[in-house]
Structure formats: structure tokens, C-alpha cells
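Look at the sequence and the fold side by side.

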Amino acid sequence: MSSQTAIRCCVIRGGTSKGLYFHAGDLPADVKTRDAVLLAAMGAPDEREIDGMGGAHPLTSKVAIVSKSSREDADVDYLFLQVWPDRTEVSDNQNCGNLLAGVGPFAIEEGLIAPTGDLTKVRIYMVNTESLAVATIQTPGGNVRYDGDAHIDGVPGSHAPIPIEFLDVAGSSCGALLPTGNAVDIVEGIRVTCIDNGMPVVCIKAQDLGVSGYEDPEVIEANKELCAKVEAIRLAAGPLMNLGDVTKKTVPKMSLLAPAQHGGVLTTRTFIPKRIHEAIGVFGAVSVATACLVPGSVAHEVAGFAHDASAVELNVEHPTGYFSVSMDVSTQGGAVTINSAALLRTARMLMKGHVFIPTSIWENK
């Protein structure tokens, strides 16, 4: 008997993240065994993930599990799992809009959906948040195209654009766009806005925590007093956002906000939740952009943003550039309704083959 088990796998750079993409049927049905397999595949827990495929950072230690969907409104189902490099934990309590960008290419490359001409729309059911997204993939000649002129901050070079439209993500994790029912709450003595438009996020004015909001990520991470205060707010906000005890959860994300420096609506420094994102997550950007449209919110105050159109595009600045979010909104009586949100990502297939794990973890006879 071989000492290792081979599992089909693709490595795809999706947006500003990178992860392992699996067919659902190739992994154990039992969640405990599945998680043990994924930890072994990534080489976790180990901060370097030296004995696995993980990239020694939360942004490069991610997993997408994809299968054909039984739903009439979706082509494939996508489950996102965060594998933590430094601990024995696999988390499914958030979505990932960056790895989402690679789901369409994976589905086409792996024969889960047939290309439909030069452009193929892939309807994706996001299992984590029970919501839908539609990704448009370039497929000239029936092949996924990866080269192109689209550039996203945080990724070198340019690639084929992948527009993604989100249809029903408002309140998908917390039950409401504003989970507390308020535009502003006082948590641990600090004014915050709790919002969920695809990702639970707590918005805080950076100046209220004694920083500018323009610091480099490593500078913020080194500020232990600041990090402790942010974590205290996160733990207190969790129950208020209908997330329960979030001590061991990856949500809500905490976003420090400051006035824009480069023509955007505002600038961000986002905790994910213990490290600082070198950019900002896809759904995190959508939630922050949405908060800018909510009258009286912390983000609205920082952005000083006013709009009178149903279609708006907001550039959310982050440490390595900005993230553009297009939104279709309607406002009535001061209340904002988000009809849809869309954004642009890119992806690239890096490797396909098999990842090997010790047979002692899963023999898969």
C-alpha cells in the first residue's frame, strides 16, 4: 500500500488570493476527515506551511470546493474554506470573493460546464452565504482565456477580465444589511457601523483609535495596543451582528477608515481578523462601499459621499491600490436598498494535477 493518497487538485490565483480547487466528490464526505485532509494538503499548522501547498499566509492558504449544482438557478456550487497556517482550523464561516473569480475557469476547465461561445456566463451558488453570483468568463474557441488587458491592484501584470455580479448578498451572513438596525452603534466606547453586504464588516474611523489609517499593514500589526482594542470591539460586535461568539471565527472583518488620498471614496486598513490585508477582500470592499451609501454611517461620514443616481461606482482605497465596486441602489425615506453589486476580478490557472497527503490521514480506497 502506498504511503500517500493522491487527490485531483488545481492551484488557481483568484483575484488577490491563491488557493487549492477541488471537486467535491474527490474529498471525504465526513467533515472532520475532510478538514484533516485539507490541513495536510496545505501543510498546516505550521507558520511556513513548509510540508504542504499553503503559502504561509491566510490569503494564500485557501480552498475552493466545487461541484455541479442541483439548483435550477445555478450551474455550480462553491464552498469556500479558510485554512489557517498557524493553527489546526478549517473555517467555513465566511465567503471569499477572490477565490470566487477562479470558480468559473475551474468549472469550464474541469468539464463541469460547457463553454457557450466567446463568453461563458457561470452561475455560482455560494454555499457559505446561500447566495448567487454570475461570473463572465472569456472562452474564445471554447478555451478559457487568461491573458488580457485587465489589471487589478495587488496582482502584477494584466489578465483577462472576469466581471462578477452579486445578486442577493445583502444580509447573507447576519440576516440584514444593517444587522443591529442602526447606522451607528457604540461598541467598547467607539462609534462603529456594522454592515453585511456579502461580508460582515465593522467600520471604524481610524482617528477614533488614535491612528491615521494610512499606516502600512506591518506598522498596524506591530501596534499591540491597537490590535487588542480592535479585537475587543470585534468580539463585542459579533453577538450584536447575529454572529454569536466570534472568538474562533474569521468574521466580522474590522475595517479602519480614513479620508481618501488618491481620488477614491475613502481608504481602508482591514483586519482579517488577526492580520492586516495587503489589499481588501472582495466582499469586504462591497460592504465598505455599501456603508458609504448609508446616511449617518461612519463610512458615510468619512467619505462625505452623496449620490442621486441609481447606478454608482465607488473606488475603495487599500494599502496596494484601490478596488472598484459598481452598485445599483435605490433610496427611499433615507433608507438604502442594494439591488445588485458588481466588480471586476481576474484569475489564472497555475497548476493542475494531484496533491498528495499521508495515507494515514485518508486512504480513500
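The sulfur of C292 lies 7.5 Å from the closest cysteine sulfur, in C203, so the two are too far apart for a bond. A disulfide is a pair of cysteine sulfur atoms within 2.5 Å. The structure holds zero disulfides. C292 has a relative accessible area of 0% and is buried. C194, at 0% relative accessibility, also counts as buried. Buried means under 20% relative accessible area, exposed means over 50%, and partly exposed lies in between (1.4 Å probe, protein chains only).

A word on the source. This is a predicted model, in which local features need pLDDT of at least 70 and side-chain atom pairs count only at pLDDT 80 or more, while totals for chains, interfaces and linings use all residues. Residues are numbered from 1 along each chain as its sequence is written, and side-chain values use heavy atoms, with hydrogens and water left out.

C292 is also one of the buried residues of helix 5. Helices (H or I, at least four residues) and strands (E, at least two) are DSSP runs, numbered from the N terminus. How many residues of helix 5 are buried? Eleven of the eleven are, so helix 5 is largely enclosed by the rest of the structure. Among them are V282, F283, G284 and T290.

T290 leads on to V336. Their C-alpha atoms are separated by 8.9 Å, though the two residues are 46 apart along the chain. V336 sits in strand 16 (residues 335-345). With a relative accessible area of 14%, V336 is buried. Leaving out residues up to four places away in sequence, V336 touches L177, L293, V294, P295, V329, S330 and T331. Contact here means heavy atoms within 4.5 Å.

Now the cores. A nonpolar core is a set of buried Ala, Val, Leu, Ile, Met, Phe, Trp, Tyr and Cys residues joined through side-chain atoms within 4.5 Å. The largest one has 91 residues, and Y78, F166, L266 and M327 touch the most other members. Helix 5 gives the largest share of this core, eight residues. A second core is separate: it has 22 residues, including L20, L27, V37 and V83.

V37 points to helix 1, where it is one of the buried residues. Helix 1 (residues 31-42) has twelve residues. From first C-alpha to last it reaches 16 Å, close to the 16 Å expected at 1.5 Å a residue. The expected span is 1.5 Å times one less than the number of residues. Which residues of helix 1 are buried? They are R34, D35, V37, L38, L39, A40, A41 and M42. These pack against strand 1 (4-14), strand 2, strand 3 (62-68), strand 4 (76-83), strand 5 (90-91) and strand 17 (347-358). G43 follows helix 1, with a positive phi near 85°.

Further along, T60 lies in the loop between helix 1 and strand 3. T60 touches K18, G54 and G55, not counting residues up to four places away in sequence.

Last come the rings. A pair of aromatic rings is described by the distance of the centres and the angle of the planes. Rings of Phe, Tyr and Trp (its six-membered ring) pair if their centres lie within 6.5 Å; planes under 30 degrees apart count as stacked, over 60 as edge-to-face and the rest as tilted. The structure holds two aromatic pairs. Y21 and F106 have ring centres 5.9 Å apart and planes at 35°, so this pair is tilted. The pair links distant parts of the chain: Y21 is in strand 2 (residues 17-23) and F106 in helix 2 (residues 97-109), 85 residues apart. Y21 is buried at 0% relative accessibility, and F106 is buried at 1%.

F166 and F283 form a tilted pair too, 4.7 Å centre to centre with 55° between the planes. F166 lies in strand 8 (residues 162-166) and F283 in helix 5 (residues 282-292), 117 residues apart. F166 is buried at 1% relative accessibility, and F283 is buried with a relative accessible area of 1%.
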